[in-house]
Amino acid sequence: MAIKTFRGGAHPPEKKDRSGGLAIERIGDVKRVFIPVNQHFGAPIKPIVAVGDAVKRGQKIADGNGMMTVPLHASIAGVVKKIEPRLLCNNQEGPCIVIEAQEGVAGDEFMAPLDAFSCTKEEALERIRAAGIIGMGGAGFPTHVKLAPSKPISLVIANGAECEPYLTIDERTMIERPEDVVEGLAITMKIVGAPEGVIAVEQNKARAVPLLEKAISASPRTRDGMKMRVQVLKTKYPQGGEKMLITALTGKEVPSGGLPMDVGCVVDNVGTLCAIVEAFRDGKPLIERGLTLSGGACTKPANVVVPVGTLVSDLVAAGAAQVNEDGLRKVVFGGPMMGVAVPNYEIPVQKNTSGVLFMGKEEVRPAEEEPCIRCGRCMRACGCSLSPALLAVAIETNNYKEAEKIGLMDCIECGSCSFVCPAHRQLVQKFRLGKQVLRTMKQKEKEAQNA
Amino acid sequence: MPDKPEKRLHLSSSPHIYSPVSVSSLMLSVVLALIPSTIYGIYLYGIFALASVLVSVATAVIGEYLFRKIIKASTTITDGSAIVTGMLVALIVPPKTPLWMVALGSLFAIIVVKEFFGGLGSNPFNPALAARAFLLMSFPAAMTTWTMPKGLVVHADALTSASKLADATAAATSQVADAVSTATPLGLLHGHYTIAQIAQYYGASSTGDFYKQLFLGFRPGSMGESSILLILLGGLLLLSLGVIQWIIPVSVIGSTFVFAWILGLDPVFTILTGGVVFAAFFMATDYVTRPLTPLGQVLYGVGIGLIIVIIREFGGYPEGVTYAILIMNIITPYLNKLKTKKYGYVAPPKPVKAVKGASK
């Protein structure tokens, strides 16, 4: 089987051997959770429980109206202690529902199982929404919206590329739960009516491939005639980016400003697919997730499954991972390429937290920007074929018109340009700010026109 | 947690890891790639050549340090670019150029061509080549006086016996009469000698033999351009380390070859003589002054090749590489507009021609 990939990209050190061989550990006895109310990409929702209420595990505790919302569920059984704003992993404060375990309050409140292959499409989408499922790879886009595309879908891609260094939770999920990944892919294909499904795996996770292939051939869906296969991709960052993945697999490019459905694709993270399976088979909402705890200052890394809302500090205190406090310089939610650095780790795990990294002194280099020497490395690394060096000049000179023309809004913010820059230019950082400035400018223009 | 860790934690926007390649490591690779040619130059021209390189590098580094001290700017000599510029200046001037002249060239390159424009990354012209052009105009005699490399014996009778133009013969023989000075192959070609005569002059038994001699590096010229083999060795090192890409060297050498052939010159002789190969790997690839985009780089290389051949065939100088690159440096900002197609770029729909009467 030919190994596929996309044009451009970078090769950050993989660092996956630190946790890739460790089985996923279930952290069961979490005594308190701080569940952020709004974890999804979309309109905010409101709590439907009050302080003092006893809640069961899986009970709905917040919901909202509108297409771009998903409900929220209690991830442990207990009593609602507080509803208060807290610092979240995006470095902003947001409301959290604090639940503490209490004697006498126990039990699960799941939905009734539902057969994804005999129910209607509407029932299936409603189940996925009711289970509070959002994209677990990072962005947190509501899955029921993604699975109701307005264009015909020919390919569903299970994203097992996991191109971020350090993170191994997707790899472990594919190794430990290949049947669920395949079943989730089949359910997704059924919902969107796609004739083909592909599980995309980077080469450095090749040991998952035979397990997935075995699961595909043993799956009753294959016997029913569903077409699924595994595709190995070159280990290269950002191979797991939606656009890069689609191009590597199909050769098609998602049009500028468009969505995967414009080229007939739907991409779902393997973790999301497992959550979909649980929502149908067990009626279980998305109340826990797997994540990798690793990093240079993490002396004992781990892959763990924890209730959504667990504080990372509680995980460390419970010994799920060991951290060298003296060497610790940075805590990152997500991977080292796109994750968010946070000021402390008393921050809850969310539905879209794929890992928490404890990074050490030797990794965190406070690099000073030097002048651009125009070596062109950023351009060769850009998966979107942009010219970061020239984009940066346009932004630095406040020439936003030029920046937009040469593709500022097409940037996926993967950070490859900043990673490869020998002058340590803060390229992607400038583009993030530049995109916001451009959006604000457009908004103002629109308002001026309407006024 | 009793003690709050947040005091020690860095906050910054992602990415949180960086490639170990830095500006100074890139410059160090270029220095390494220049070392084979430099050592060979020292072998050919003796201890004076070593002094020339050392003086040039020292002047460049100290000049940059002092200039930035005077204008109260940050010290940048650790980036290594001054070392590269210093080496390049010494390698592209005649081997026995007076040391003060080399030092002046180096200072010109660093201060006038680079620092006056804002330092590394901001200079529109290649510093070493601009310095060479400056020296050539200021000291035309010294900059065209070539020294016989160690062990090379020339046969002056090859030129006198069959010479066609009395002037050229006189000029060449007066050079040859001097035991130290000699003429470069390109200089002789410019003096209207045939390649067969030139080959004979340098003691080669045939044209093919002469090409081999040129390739291995046994002819008068500047230190850097002596041995094509050693230049290629350095160039391949840079290519394999990913410091440079193949587009520019290939387009410069390839287009020089093709244009020479079109104009009826000997294409092999054209690329083996003068600074074509050296410049293709070490000058035209200068990050700051070459275009960034692949298409821009192809056109840049082709433009250089074209100008080299035009100057050699029609110009007043025997060699045209320096001016070819300097001229193309001017066009670089325009060539940067030739961008690669963006990912997912969709061409805007062509405006439909308005049908008469249908516009309302």
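Modeller: Let us begin with chain A, which has 14 helices and 19 strands; helices (H or I, at least four residues) and strands (E, at least two) are DSSP runs, numbered from the N terminus. This is a predicted model, in which local features need pLDDT of at least 70 and side-chain atom pairs count only at pLDDT 80 or more, while totals for chains, interfaces and linings use all residues. Residues are numbered from 1 along each chain as its sequence is written, and chains are lettered from A and ligands numbered from 1 in the order in which they are written.

Biologist: What does the radius of gyration of chain A tell me?

Modeller: The radius of gyration is taken over C-alpha atoms, and the globule rule is 2.2 Å times the number of residues to the power 0.38. For 451 residues that rule puts a compact globule near 22 Å, and chain A, with 22 Å, agrees with it. Along the principal axes, the C-alpha atoms of chain A fill a box of roughly 65 × 55 × 55 Å.

Biologist: How many of the residues of chain A count as buried?

Modeller: A residue is buried if 20 or more other C-beta atoms, placed from the backbone, lie within 10 Å of its own, exposed if 12 or fewer do, and partly exposed in between. By that rule 56% of the 451 residues of chain A are buried. Helix α3 of chain A, residues 169-176, has six of its eight residues buried, so this helix is largely enclosed by the rest of the structure. Among those buried residues are Asp170(A), Glu171(A) and Arg172(A).

Biologist: Into which domains is chain A divided?

Modeller: Domain bounds come from an automatic or database domain assignment, and here they give domain 1 (1-27 + 109-366) and domain 2 (377-450) of chain A. The C-alpha centres of these two domains lie 28 Å apart. To see where they touch, we use contacts: two residues are in contact if their C-beta atoms, placed from the backbone, lie within 7 Å. In chain A, 14 residues of domain 1 are in contact with 13 residues of domain 2.

Biologist: How many residues of chain A are in contact with chain B, and which elements take part?

Modeller: There are 56 residues of chain A in contact with 38 residues of chain B. On the chain A side, the elements giving two or more residues are β17 (328-333), β18 (340-342), α11 (388-396), α13 (416-420) and α14 (427-450), and β17(A) gives the most, with five residues. That side has 31 nonpolar, 14 polar and eleven charged residues, where Ala, Val, Leu, Ile, Met, Phe, Trp, Tyr, Cys and Pro count as nonpolar, Asp, Glu, Lys and Arg as charged, and the others, Gly among them, as polar.

Biologist: Which residues is Ala389(A) in contact with?

Modeller: Ala389(A) lies in helix α11 of chain A and counts as buried because it has 23 C-beta neighbours inside 10 Å. Leaving aside neighbours within four places in sequence, the contacts of Ala389(A) include Cys372(A), Arg374(A) and, from the other chain, Leu292(B).

Biologist: How do helices α2 and α3 of chain B pack?

Modeller: Two packed helices are described by the angle between their axes and the distance between the axes. Axes are lines fitted to C-alpha atoms, for helices over the stretch in contact, and angles run from 0 to 180 degrees between N-to-C directions. Helix α2 (residues 47-70) and helix α3 (residues 81-92) of chain B pack at about 145 degrees, with their axes 8 Å apart. Residues of α2(B) that take part include Val53(B), Val57(B) and Glu64(B), and they belong to a contact that in α3(B) includes Ile83(B) and Met87(B). By class, this contact of α2(B) with α3(B) has nine nonpolar, five polar and one charged residues.

Biologist: Where are the cis peptide bonds between Tyr237(A) and Pro238(A) and between Ser14(B) and Pro15(B)?

Modeller: The bond joining Tyr237(A) and Pro238(A) has an omega of about -5 degrees, and Pro238(A) lies in the loop between β11 (227-233) and α7 (242-250) of chain A. The bond joining Ser14(B) and Pro15(B) has an omega of about 0 degrees, and Pro15(B) is found in the segment before α1 (23-45) of chain B.
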